[in-house]
Amino acid sequence: MLFGKKKEKEQRSVLEEEQMQSPFRTIIKNLLENKLAMGGLIVFVSIFAMCFILPIWFHQDLNYQDPTQKNIAPGFSFLSVPSDLKDNAEVIEFGPTYGVGVDKDGYVYEWGQLTKNLKKIPADMGKVVDIAVGQDHVLAINDKGNLYTWGFNRMGLNVIPPELKGKKIADIEAGYQVSVVVTEDGKVVSWGNTSAVDISTANVKDEKVKEVKANIQTAIALTKDGKVISLAKKETALDNVPEEIQGKVEKIALTDKAAAAVLKDGTVKVWGNNHDHIFSVPEEVQGKAVDISGGRNHLVVVTEDGNAVAWGGNENKQATVPTKASNIAKLTSGYYQNCIIKEDGSVVTWGLKGYLLGTDNLGRNVFYRILKGGQMTMTVGFIAVIIQFAIGILVGGISGYYGGTVDILLMRLSEVVGSLPFIPLALILSALIGNKVSDVGRIIMIMLILGFLGWTGIAGLVRAQVLAERNKEFVVAAKALGVREKNIIFRHIVPNVMTIIIVQATISFATCMLTESGLSFLGFGVAEPIPSWGNMLNNCRSSEVISQYWWRWVFPSVVLGLCTVSINLFGDGLRRAVDPKANER
Amino acid sequence: MAKYILKRLGYIIIVFFLLSILLFGIFKMVPGDPARLMVEGQKQSVSPEQYEMLYQQARVRLGLDKPIPVQYLSWMGNILQGDFGYSTVYRIPVKELIGPPMKNTIALNVVYYIFLFAIGIPLGIKCAVKKDTVFDTSLQVATMIGISIPSFISALIFIYLFAIKIPIFPISGMVTTGANFTGFRAFLDYLYHMALPIIVCLTGIGGLIRYVRGALLDALSMDYVRTARAKGLKEKTVIYKHAFRNAMIPITGWIVGSIVGIFGGAVIIETLFSWKGVGKLLIDSLNQHDYTVALSMQMFYILLGLAANLITDLCYCIVDPRIKLD
């Protein structure tokens, strides 16, 4: 064999040689000796276990989409703050997949997954004192009050508006593809992709603004006299700032759909749309809050004793504050990452580190979709095989046992079904019936199509086996005892040919998985958002995806390939174990 | 023999009609009204009464006003006269639409089969002769992997390797864009674009190798081979003159059965490589809801499948006189 030598056969005495071994034990023994088959079995069982067990702990809504997290390469670098920065950080800010930090000497560091433009940090910035990070651009200000920006450079984002020239700058903020600057005299200037992000400075024309916070859709401003004003042109839930807090606000923060404010008396107020239980401010912070920051769907508060408390969405552990977080000097949150700089200058981070196998074009975790897709592909294959076998055994058994006209009719039927071109027919049925039914209905339909079109091989096999068995003594004995014919076929003959049927079943299972994947790959199988290994590859056909976003097609392909290869190796080994004569060939 | 062929032909015709009724029924279940689709554009420009009149006219023109059995009969009658209907997307008869893709598919398949047989049969023979050597075992594993990996995955891998990382082949399409080659140069360009799809198709060559190996091993285990060896014939003569000729019977059946397949396009490969063959036409017509085309193509595929069955059986009978047809 390919791997390792076969063991020398034990010498047995003549008496032992005569001992009988049950066929079942022979099969198991043969199978265990076949290393390839056992390897296949182990690989398949591990993939199977992974797909069905891991999602118990690890969950993501299948309809989940997040454009800020799309096409992220595999890796866990989002929180890898460079060691030089770790002990003397001044400011740290997070973008969706990366972080930017400034140390006490004004040097800028970047880490995580950076685009080519983001890596082009301007060389002549001098001592940087503050930074702001958007979707994929960075805004920085140095000690002389000069503004710099780099990263995404379309939509006019790279052009600092001339009206800012010579003005003293109080606060900088970066939204999705937009930059916002607040000058010392309380004016707000914004530029960039203002069609994607709803920001209008008209709302605060007559106000003196202290700071601005932006999320991926809009921004809010805090005035010097403690009022909060939404910068959105359109009416949003953020406009409903509670009247009683106006004039008392110290700090503000934004999540995707809600805004939060820390008042002078240390209470926290949240308004907007309640998502991820964001309105349930923990009781222990009320009256003690001094600072607040928000990510996509969570909020973090620093209390007066220097500890941090977080709540809201926690799918990336972004609201699980590590115990080390005490003596906080500065807190920042962005997207799903958080960072605190302690009084001694050291840095503690928590939140989203990255994705094991990257994300797809809608920001969904590829690893999770592979697990879920595996469940789907295997379930569809399994049920399709069950249907094939139910029909195949029934037709083959009856046909082989009765013979004559019944046999001819059934075998003609089998021949017709067998000669139907499978893929075209499945495509057409799926296209015609598929758009009338729900997602689950569609999956059931795929199973039925695979089952009802693929039983002919098994029927032929069972028929041949039954033909060979039907004149044996045990059948004659059963007949003589007056056992009903139905029972003779399915209780006496079929169990005797079961081993061969099982061999065929393993190989059919792999074929069904392949066919389902093929149909889904063409867009006629399992439909999005439900994943299957085939439809995960459906939108990976363009050369751009194949070359740049390789993780989107490599991982599903590898798992599907491994799975079918291992099943086939196991099936092949099983065939040899069941039918040792096949080894002679 | 003639009686047998007639019987089988009659049987094919019956099956064909039964399936056509089934498919026609399924296609009638499709939501969407082609007559409505036809007059939709005029809805804004004419009054509601006129629109209704136009709609009714369209229904009459398309024969939708008649009961479904009558519609089926007229559709079938047209098909038998060679009229497959009208593509709603391309606005030309289906018969004309299918012509060019059919040529492309046949071209691709012919080249593919030449390579398939030229590589597969010798390798299969070698495997059988060198049974259980390292060569045989490793090829058995390799073919198993080749069969188990679906064509779209091998296609993605080969595109990545040979069209993106090492750009020696075009990613997809059938002609080099912008280069107006003529004559022999155009032909070479066509072959060049064919290369990658064919390489991908050839990853499934394991099926043939295993089949040839099995057939030859069966023949080698026969008594006449033992006799031939016993009388001292050279091993080459034993294998090629005695065993292989007998192994040719099942192999020929396999070859003939698959050759009928040259008319049927490989749907996945053609779609992936934008090879404008019948497989891609089928997918496109389904995606564009051009059901007249899809239905005609489906009937064509069914006819092909049934014919392949018959031809394979006949071929067995011609090659091996021991097989009796009944």
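This is a predicted model: local features need pLDDT of at least 70, side-chain atom pairs count only at pLDDT 80 or more; totals for chains, interfaces and linings use all residues.

In the contact between the chains, 42 residues of chain B meet 38 residues of chain A. Chain A also holds an open sheet of 3 strands in the order β1-β2-β3, and another open sheet of 3 strands in the order β4-β5-β6.

**Where the chains touch**

- On the side of chain B that touches chain A, at least two residues each come from several helices of chain B, among them α1 (2–28), α6 (134–148) and α7 (151–165).
- The helix that gives the most to this side of chain B is α14(B), with 10 residues.

**A pair of helices in chain B**

- Helix α11 (residues 235–259) and helix α14 (residues 291–319) of chain B have axes that come within 9 Å of each other and cross at roughly 155°.
- Angles over 145 degrees count as roughly antiparallel, and α11(B) and α14(B) are therefore roughly antiparallel to each other.
- The crossing in which α11(B) passes α14(B) is right-handed.
- The residues that α11(B) brings to this contact include B:Ile249, B:Thr252 and B:Gly253, while those from α14(B) include B:Ala308, B:Ile311 and B:Thr312.
- The contact of α11(B) with α14(B) is made by 7 nonpolar residues, 4 polar and no charged.

**The sheet β1-β2-β3 of chain A**

- In this sheet the pairing is antiparallel, and β1 (89–94) and β3 (108–112) of chain A each have a single partner strand, so one side of each is left without a neighbour in the sheet.
- Neighbouring strands of the sheet are turned against each other by 20° on average, with direction ignored.
- Between β1(A) and strand β2 (residues 98–103) of chain A there are 5 bridges, and A:Ile92 stands opposite A:Gly101, which lies in β2(A).

**The sheet β4-β5-β6 of chain A**

- Here too the pairing is antiparallel, and because β4 (128–133) and β6 (147–151) of chain A stand at the edges, each with a single partner strand, one side of each has no neighbour in the sheet.
- Strand β5 (residues 137–142) of chain A is joined to β6(A) by 5 bridges, and the bridge partner of A:Ile141 is A:Leu147 in β6(A).

Notes. Residues are numbered from 1 along each chain as its sequence is written. Chains are lettered from A and ligands numbered from 1 in the order in which they are written. Axes are lines fitted to C-alpha atoms, for helices over the stretch in contact, and angles run from 0 to 180 degrees between N-to-C directions. Helices (H or I, at least four residues) and strands (E, at least two) are DSSP runs, numbered from the N terminus. Angles under 35 degrees count as roughly parallel, over 145 as roughly antiparallel, 65 to 115 as roughly perpendicular and the rest as oblique. A crossing is left-handed if the near helix is turned anticlockwise from the far one by less than a right angle, and right-handed if clockwise. Two residues are in contact if their C-beta atoms, placed from the backbone, lie within 7 Å. Ala, Val, Leu, Ile, Met, Phe, Trp, Tyr, Cys and Pro count as nonpolar, Asp, Glu, Lys and Arg as charged, and the others, Gly among them, as polar. Two strands pair if DSSP finds at least two bridges between them.
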